[in-house]
Amino acid sequence: MSNSSALKFVDLFSGLGGFHLALTGLGCECVFASEIDRDLQELYQINHGMRPSSDIRFAWKDVPEHDILCAGFPCQPFSKAGSQKGFECSDSGDLFDYILKVVDRHSPQLLIFENVPNIMRHNGGQTWERIKSSLKGRGYDVKATELSPHQFGIPQVRPRALIVAARDLSRFTWPELDKGSSPLHLSSVLDTRPSDADLLADDYLAYLEVWEEFLRLIPNSTKMPSFPIWAMEFGASYPFDKRSPKSYQQAYLARFKGSFGQSLAKMSKGQQLASLPAYARSDDDEFPRWKIRFIQQNREFYQQNQQYLSGWLAKVQEFAPSFQKFEWNWQDGSRTLWDKVVQFRASGIRVKNPASAPSLVALTTSQVPVIPWEKRYMTMQECARLQSMGALKQLPESKTRAYKALGNAVNVDVVAAVAKNLIAATSGTAEAIDSPKLERTDLVAGLA
């Protein structure tokens, strides 16, 4: 297929180039990319042979004619973990408008967007309605769904919103999902004891060993809690369900116990509050319901299992507060953490089924998944495979930047499956799905 006959696409907010890998893998030709991060621009040049333009706010006029517009526009304004200011976000809320400027200028035949699932629920659904109506008003049929890599045989649960648009989507169907004929396991993307892996530090190994002891101490007849375990509530009795502790007088709080059962008697009010868990020092008059529920559940759990845990408690008490919390996310899993996948988070040590990695977000290095059976973190290359980006020649040299870029990336296999069906459904030929020799004229004719 000659370059002149290939379907031409543009890769906006290109990042590591997930759309580039997906679309060129289908025989399409990238004619333009934009990326505001200069380091990622240089990396895109190395990996894909072209340097992206910078900020789309200035570069949109430079976008050439194309058949397919791809954009994983910034998700922070719409993410539950981000500002949630949506289109009102001063940093990046207006970027979708610049996509529309490109659409108005070139009327590409196909549009493919990827974002966080919350974009379809943000602001009571109004954000999604604005996106949909802006495209429909320009003559496009629009469809959207949520897809995750694990539905395509990739061991990562990471739901994302996929949005497609064309003049006619009546023949389009979403890709067929993996039926689970072969069980997923994180080992499918792992190297065996890679030399460049960061090993767990001794203190982090100690965290795991103490929580492993916790798992052994709880009788097998006792179901592991589905709620997060907050060990600082073990032995605590401070008031929490009607008013927050801060709203009580010092003399009243002196009757109770703080974190790990420490007496609040003979303390000043400031000392009393400092002896409570950090989440219990709120200035609010009342705790939210979820916090009340978690505190109550933890206290009841300790009362039921105090005979097994009283000697263990001093060990976890020495930990940093984040690691005094523990989340067991595999209820039916064997009662050990060494064959699971672990993540050290601000909310606690999270233990999950090794069938899939935690969702790759714009990770800090402290949140990188841990492979306990090798007592190490996942490498950058292994995380790249979770995004179907194992073919990249180079990743950012800084591990912090690499994990962040991978967390912001689109999954290549997911996007490729969607694009494959979209091209086939709008080309007028079933051969388009399997053949890279898809002519531009085929697409235009099929949409006429």
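Among the elements of the protein, helix α14 (residues 440-447) has the lowest mean pLDDT, at 31. Strand β7 (residues 229-230) has the highest, at 98. The model is predicted, and its mean pLDDT is 88. Of its residues, 88% reach 70 or more.

Two stretches call for care. Over residues 77-92 the pLDDT stays under 50. The model still gives this stretch 42 contacts beyond four places in sequence. Over residues 429-448 the pLDDT is below 50 as well. That stretch has 39 contacts beyond near neighbours in sequence. Where pLDDT is low, predicted coordinates should not be read in detail.

**The whole protein**

The protein has 14 helices and twelve strands. Buried residues make up 53% of its 448 residues. Take the contacts with a separation of 6 or more: residues 24 or more positions apart account for 67% of them.

**Helices α4 and α5**

Helix α4 (residues 95-106) packs with helix α5 (residues 126-136) at an angle of about 10°. Their axes are 11 Å apart. Angles under 35 degrees count as roughly parallel, so α4 is roughly parallel to α5. From α4, the contact uses Phe96, Asp97 and Leu100. From α5, it uses Arg130, Ile131, Ser134 and Leu135. By class, this contact has four nonpolar, one polar and two charged residues.

Which residues of α5 are buried? They are Thr127, Trp128, Ile131, Ser134 and Leu135. Seen down the axis of α5, these residues fall within an arc of 135°, so they line one face of the helix. An α-helix has 3.6 residues a turn, so residues three or four places apart point the same way. The buried residues of α5 pack against α4, and also against strands β4 (110-115), β5 (141-147) and β6 (160-166).

| Residue | Relative accessible area | Class |
|---|---|---|
| Alanine 231 | 0% | buried |
| Serine 34 | 1% | buried |
| Serine 107 | 34% | partly exposed |
| Arginine 193 | 56% | exposed |

Start with alanine 231. This residue sits in the loop between β7 and α7 (250-253). What does alanine 231 touch, not counting residues up to four places away in sequence? Its partners are Trp211, Phe260, Trp312, Leu313, Val316 and Gln324. The C-alpha atoms of alanine 231 and glutamine 324 are separated by 5.6 Å. Along the chain, these two residues are 93 residues apart.

Serine 34 lies in the loop between β2 (29-33) and α2 (38-48).

Most residues other than glycine have a negative phi. Serine 107 is not a glycine, yet has a positive phi of about 45°. Serine 107 is found in the loop between α4 and β4. Arginine 193, also not a glycine, has a positive phi of about 45°. Arginine 193 lies in the loop between β6 and α6 (202-217).

Definitions and conventions: Residues numbered from 1 in each chain as written. Predicted model: local features only at pLDDT ≥ 70, side-chain atom pairs only at ≥ 80, totals over all residues. Heavy atoms only, no water. Axes fitted to C-alpha atoms, helices over the stretch in contact; angles between N-to-C directions. Helix = DSSP H or I, 4+ residues; strand = E, 2+ residues; numbered from the N terminus. Parallel < 35°, antiparallel > 145°, perpendicular 65-115°, else oblique. Contact = heavy atoms within 4.5 Å. Nonpolar A, V, L, I, M, F, W, Y, C, P; charged D, E, K, R; others polar. pLDDT = per-residue confidence, 0-100. Buried < 20%, exposed > 50% of the residue type's maximum accessible area, 1.4 Å probe, protein only. Arc of directions from axis to C-beta.
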